[in-house]
Amino acid sequence: MSAQFRKYSNEFLNIGAGARGLAMGSAQEATVSDATAGYWNPAGLVNVKDNPQVDLMHAEYFAGIGKYDYGTLAIPISGGKRTLGISLLRFAVDDIPNTIFLVQPDGTINFDNITTFSSADYAFIFSLAQQLKIKKKHNLNFGINAKIIHRTAGDFATSWGFGFDAGIQYEHKNWKFGLMARDITTTFNAWSYSLNENMREVFYLTNNDIPVKSTELTAPQLIVGNAYNLKINNTLSLLTEASLDLTFDGRRNTIISSKTMSIDPKLGMELSVKNIFFVRGGINNFQKALDESDSSNTKKVWIYQPSIGAGFRISNVQIDYAFTNLANQSNPLYTHIFSLKLDLKKKPKK
């Protein structure tokens, strides 16, 4: 049995949650204040004070090949000083052709031997947030996540894992600061494989390694965010956030990259009209890539992932939309994302 750090382990947990956050370029650590805080920064859950809140999102990637679903419930307790959160994420690719037995022992091809399977990743996140008011107009909140991860590839491979996140948010007047530590204790995924004798024989004859039990480790990650909410007038306000994603698992293709640490910046903004209508934009995922206009394939240019979105609130219902680019500006793969947020108002006492 082997254990090793994987630079891009559990990548489905880095997609994002909620159309609001995705429209703002995933810059959310300092400003998130709804049920999606269980994903972005659990400390932000304490802003769900009066009523339980539900947030649901569905997105399809790459022309519907990949399906991503997210749902979360936030429940305020202790008079609004604490909040519990329960979140579920699922990313799956269905109907993947299994061609292991396509070529028969005599060398002939039999398309009837092609079957299909699904590859699915699940995460169950349990959150607890606590308000720590230190003095007037100074708010300090703390939150922690315990997450269980389950990944499957048909009935061939199964993985169970667990890990912890922790976050804080500090607010003073119009300034907000957020710190999110993901996988603070290192997240473990234990893989097991179930291959019958026929499959093992095919792997052996085609010089493929027969997989054995293994453990995959996800290294800690730190995200720091700073935000300012500018009150333009009685109608308009502009919220801006800049955050830095710090990883410590070697060089990555980011703006700042070294053997010990890589830094990836994210920028987002939200224009609010009477806290009813919202317009959002963001930019993140800066990378260097080959310039497609260069025939020598040697010149590199900076690329990035832009996003825009909008939202509106009616009573206790809010609908948000995001239009985000999953590749880069030279080869765009845009995705429409919708999410629904619902405040579950308590019935008045008789």
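Residues are numbered from 1 along each chain as its sequence is written, and side-chain values use heavy atoms, with hydrogens and water left out. Because the model is predicted, local features need pLDDT of at least 70 and side-chain atom pairs count only at pLDDT 80 or more, while totals for chains, interfaces and linings use all residues.

A pair of aromatic rings is described by the distance of the centres and the angle of the planes. Rings of Phe, Tyr and Trp (its six-membered ring) pair if their centres lie within 6.5 Å; planes under 30 degrees apart count as stacked, over 60 as edge-to-face and the rest as tilted. By this rule there are 7 aromatic pairs. One of them joins Phe286 and Tyr304, a tilted pair with 6.4 Å from centre to centre and 45° between the planes. Phe286 belongs to strand β15 (residues 277-290) and Tyr304 to strand β16 (residues 300-314), so that the pair links distant parts of the chain, 18 residues apart; helices (H or I, at least four residues) and strands (E, at least two) are DSSP runs, numbered from the N terminus. Residues are called buried under 20% relative accessible area, exposed over 50% and partly exposed in between (1.4 Å probe, protein chains only). Phe286 is buried, at 16% relative accessibility, whereas Tyr304 is partly exposed at 31%.

The rings of Tyr321 and Phe338 also form a tilted pair, because their planes stand at 45°, with the centres 5.0 Å apart. Since Tyr321 lies in strand β17 (residues 317-325) and Phe338 in strand β18 (residues 334-343), this pair ties together parts that are 17 residues apart in sequence. Tyr321 is partly exposed at 24% relative accessibility, and Phe338 is partly exposed at 49%.

A nonpolar core is a set of buried Ala, Val, Leu, Ile, Met, Phe, Trp, Tyr and Cys residues joined through side-chain atoms within 4.5 Å. The largest such core has 28 residues, of which Leu89 and Ile337 touch the most other members. Elements that each supply at least two residues of this core include α1 (19-23), β3 (66-77) and β5 (115-135). Leaving aside residues up to four places away in sequence, Ile337 is in contact (heavy atoms within 4.5 Å) with residues including Ala19, Leu22, Met57, Tyr61 and Tyr321. A second, separate core of 5 residues includes Phe117, Leu195, Met199 and Phe203.

Most residues other than glycine have a negative phi. Lys274, however, has a positive phi near 55°, as does Asn275, also near 55°. Lys274 lies in the loop between β14 (262-273) and β15 and is exposed, with a relative accessible area of 56%. Asn275 lies in the loop between β14 and β15 and is partly exposed at 45%.
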